[in-house]
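Thanks for making time this morning.

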Amino acid sequence: MTRDLRTARTGAVLTFVLAGLMCGSMTVRIPALSDKLGLSEGSIGVTLLVWGLGALVTMQSMRGVMTRFGSRSILRVGAPLCAATLALLAFAPTFPLLLVAAGLFGMAFGAVDIAMNAQGSAVERAYGRPLMNGMHAGWCVGAISAGLLGTAAIAAGLSFTAHLALIALLALPLLVFISRTYLPDPAVATGGEARARHRMPPVVYLLGVIAFCAFMVEGTVADWNGLYLRDVLGAPEALAALGYPIFEAGMLLGRLTGDRVRARFGARGMIITSGLATAATFTVVITASTFLVALSAMFFVGIAVATVSPMAMSLAGGAVGNPGPAIAQTGAMGYAGLLLGPVIIGFLSDVATLGTALGIAVVLGVVIALVARFLPRGLRDSAPAETPEREFSMAA
């Protein structure tokens with residue numbers, strides 16, 4: 001194993017960390033953004049929707065772009081743009097300009113999200129063993145760091161503008177520096193070759209359905225667990241706010257250990273087990289008689305669902321010669337779940353109750369397990385290294 005290959009793995013993990021830091025920093029200061037521009041809850045909702053749609057539009061268009069250019073080229077451009085557009089968001093002086101900045105930030109993030117997963121797949125192939133869960137653990141570290149830094153920024157009296165500008169100023173040079181570590185994708189097609197590879201094998205769409213369900217569970221917890229703990233189970237607001245960090249802590253633990261578990265038991269069986277565990281643990285959440293039981297269960301929901309979306313991305317990348325387009329397809333389908341989840345939960349809670357609406361997470365866990373049973377048993381868990389070690393010096 002060469003030094004360049006180890007450096008590439010470190011660079012990929014740090015990209016996930018910085019992506020989680022930038023996105024988390026935006027969301028943790030939403031109340032400050034509301035105060036800065038005098039925005040209503042509806043206006044904040046529109047801002048987040050524009051950001052999400054911007055990301056989804058980019059993700060949907062990434063198949064052809066990834067086929068033509070590969071993850072390394074896209075990250076070298078898109079990652080610094082992500083930091084730059086975060087700065088635009090920080091300095092937006094009016095609501096219309098905020099929407100423009102949010103859309104641009106979402107579009108840049110959408111490109112980075114797909115490309116960093118494809119880069120993770122390229123590194124995983126070069127190592128010849130599962131690594132994607134560890135990559136996504138970097139995202140958890142970034143998101144948790146965003147929460148801690150946000151708390152410190154609030155305590156220090158930093159404004160929304162100053163806080164996000166500092167995060168962008170920190171991330172931009174780091175992302176430029178990290179870009180030297182990226183590996184070339186295993187196969188970047190051109191011209192007619194790219195058109196010939198446009199069709200995805202059916203397994204990629206199955207993995208997209210699995211990612212959709214997993215992301216929808218994550219979005220449900222992120223957006224609704226605090227309200228459920230406070231309004232349904234009667235938790236004090238300060239304790240209700242702990243639901244998501246506790247869930248993220250479980251996610252981090254699951255992803256740090258997920259690659260070793262996958263190497264031992266295989267991805268297909270692990271996804272089936274994770275889906276059933278997600279359904280079981282979320283059943284405890286929605287049937288809990290006290291908020292303390294539900295809070296504890298959130299940790300185990302995090303562990304259960306943590307590895308599903310990283311494994312879906314990894315398996316999609318391993319199903320074809322060039323991982324980028326397949327990961328773009330799976331990622332776009334998954335991210336649609338993250339966007340639609342909160343909307344569906346809100347609609348169902350109006351029709352029934354919030355507790356009943358959250359039962360959809362139990363159903364999603366069962367769907368993950370059922371769909372995973374249709375995955376081919378011979379689907380490779382990690383592709384062998386396809387590039388001679390002497391070629392990895394090209395990545396520096």
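Let me begin with the residue classes, in which Ala, Val, Leu, Ile, Met, Phe, Trp, Tyr, Cys and Pro count as nonpolar, Asp, Glu, Lys and Arg as charged, and the others, Gly among them, as polar. This is a predicted model, in which local features need pLDDT of at least 70 and side-chain atom pairs count only at pLDDT 80 or more, while totals for chains, interfaces and linings use all residues. Residues are numbered from 1 along each chain as its sequence is written, and side-chain values use heavy atoms, with hydrogens and water left out.

By those classes, the lining of the second largest pocket divides into 4 nonpolar, 1 polar and 4 charged residues. A pocket here, on a 1 Å grid over the protein atoms alone, is an open set of points where a 1.4 Å probe fits, with protein on both sides within 12 Å along at least five of seven lines, and lining residues have an atom within 4 Å of a point. The space in this pocket is about 170 Å³, and among its lining residues are Arg 9, Arg 129, Pro 130, Gly 134 and Asp 259. Which helix gives the most to this lining? That is H11, with 4 residues, where a helix is a DSSP run of H or I of at least four residues, numbered from the N terminus.

H11 (residues 243–265) also packs on H6 (residues 132–155), with axes that come within 7 Å and cross at roughly 155°. Since angles over 145 degrees count as roughly antiparallel, H6 and H11 are therefore roughly antiparallel to each other. In their contact, meaning heavy atoms within 4.5 Å, the H6 residues include Met 132, Gly 134 and Ile 144, and those of H11 include Leu 256 and Asp 259. The residues of this contact divide into 8 nonpolar, 4 polar and 3 charged.

Asn 117, Ser 121, Glu 124 and Arg 125 of H5 meet Met 313, Ser 314, Gly 317 and Gly 318 of H14, a contact with 1 nonpolar, 5 polar and 2 charged residues.

Finally, Gly 234 lies in the loop between H9 (202–232) and H10 (237–240). Leaving aside neighbours within four places in sequence, Gly 234 is in contact with Leu 229 and Phe 291.

Terms used:
Axes are lines fitted to C-alpha atoms, for helices over the stretch in contact, and angles run from 0 to 180 degrees between N-to-C directions. Helices (H or I, at least four residues) and strands (E, at least two) are DSSP runs, numbered from the N terminus. Angles under 35 degrees count as roughly parallel, over 145 as roughly antiparallel, 65 to 115 as roughly perpendicular and the rest as oblique. Grid points are joined across faces, edges and corners, and a volume is the space filled by probe spheres set on the points.
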